[in-house]
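Dear colleague,

Please find below the structure that I am handing over to you, followed by an account of what was found in it. I would be grateful if you could read the two side by side.

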Amino acid sequence: LGDSNETVDYIEDIISILKGKAKDKWASIRQIVANNALNDFTEVYYELYEKVSEFAPNNVGEAILAIAEAEYQSVFVPDREITFMASIYKILQLIK
């Protein structure tokens, strides 16, 4: 990873959005992914797992399942962004 502070910044931005009250969280997270040209989500999945109780305190187990499924599935697909955004969608459904 080039600049680890930049990595931490966009991951923290994603987690802040998940914790926040914004209307269109999915689009905001998708924009972060696009702006950072992400294609490897390993570190993002790890941080989501580590901080799951911060953004999904009432659905920790289900959120972990969504993260685990997406991380596993991403190994088999050429466009990992789709798998990541699908996991974000599932998480957002849990934390409504």
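Predicted model: local features only at pLDDT ≥ 70, side-chain atom pairs only at ≥ 80, totals over all residues.

Serine 74 belongs to the loop that joins helix 5 and helix 6. Its contacts, once neighbours within four places in sequence are set aside, are Tyr45, Arg80 and Thr83. A polar atom of the serine 74 side chain is also found 2.8 Å from the backbone oxygen of glutamate 71.

Two packed helices are described by the angle between their axes and the distance between the axes.

I begin with helix 5 and helix 6. Their axes come within 9 Å and cross at roughly 170 degrees. That angle makes helix 5 roughly antiparallel to helix 6, because angles over 145 degrees are classed in this way. On the side of helix 5 the contact is made by Glu62, Ala63, Ala66, Ile67, Glu69, Ala70 and Gln73, and on the side of helix 6 by Thr83, Ser87, Lys90, Ile91 and Leu94. Sorted by class, the residues of this contact are six nonpolar, three polar and three charged.

Helix 2, which spans residues 25-35, also packs with helix 6, which spans residues 80-94. Here the axes come within 10 Å and the crossing angle is roughly 155 degrees. Helix 2 and helix 6 are therefore roughly antiparallel to each other, and their crossing is right-handed.

How are helix 3 and helix 6 oriented to each other, roughly parallel or roughly antiparallel? The angle between helix 3 and helix 6 is about 15 degrees, and their axes lie 11 Å apart. Helix 3 and helix 6 are therefore roughly parallel to each other, as angles under 35 degrees count as such. The crossing of helix 3 and helix 6 is left-handed. From helix 3, Val44, Tyr45 and Leu48 meet Thr83, Phe84, Ser87 and Ile88 of helix 6. Five nonpolar and two polar residues form the contact of helix 3 with helix 6, and none is charged.

The C-alpha atoms of glutamine 73 and asparagine 39 are 14 Å apart, although 34 residues separate the two along the chain.

Glutamine 93 is located in helix 6. Glutamine 93 also counts as partly exposed, at 35% relative accessibility. Between the C-alpha atoms of glutamine 93 and alanine 63, 30 residues apart along the chain, the separation is 9.7 Å.

**Two further loop residues**

Which residue makes a polar contact with the side chain of lysine 51? The partner is glutamate 12, whose side chain is reached at 2.5 Å. Lysine 51 sits in the loop between helix 3 (42-50) and helix 4 (52-55). At 18% relative accessibility, lysine 51 counts as buried. Beyond residues up to four places away in sequence, lysine 51 touches Glu12 and Ile15.

Alanine 37 is part of the loop between helix 2 and helix 3. Alanine 37 has a positive phi of about 50 degrees, although this residue is not a glycine. With 62% relative accessibility, alanine 37 counts as exposed, the cut-off for that class being over 50%.

Yours sincerely

Methods
Residues numbered from 1 in each chain as written. Heavy atoms only, no water. Axes fitted to C-alpha atoms, helices over the stretch in contact; angles between N-to-C directions. Helix = DSSP H or I, 4+ residues; strand = E, 2+ residues; numbered from the N terminus. Parallel < 35°, antiparallel > 145°, perpendicular 65-115°, else oblique. Left-handed = near helix turned anticlockwise from the far one by under 90°. Buried < 20%, exposed > 50% of the residue type's maximum accessible area, 1.4 Å probe, protein only. Polar contact = N/O pair within 3.5 Å; in protein donor to acceptor, adjacent residues only side chain to side chain. Contact = heavy atoms within 4.5 Å. Nonpolar A, V, L, I, M, F, W, Y, C, P; charged D, E, K, R; others polar.
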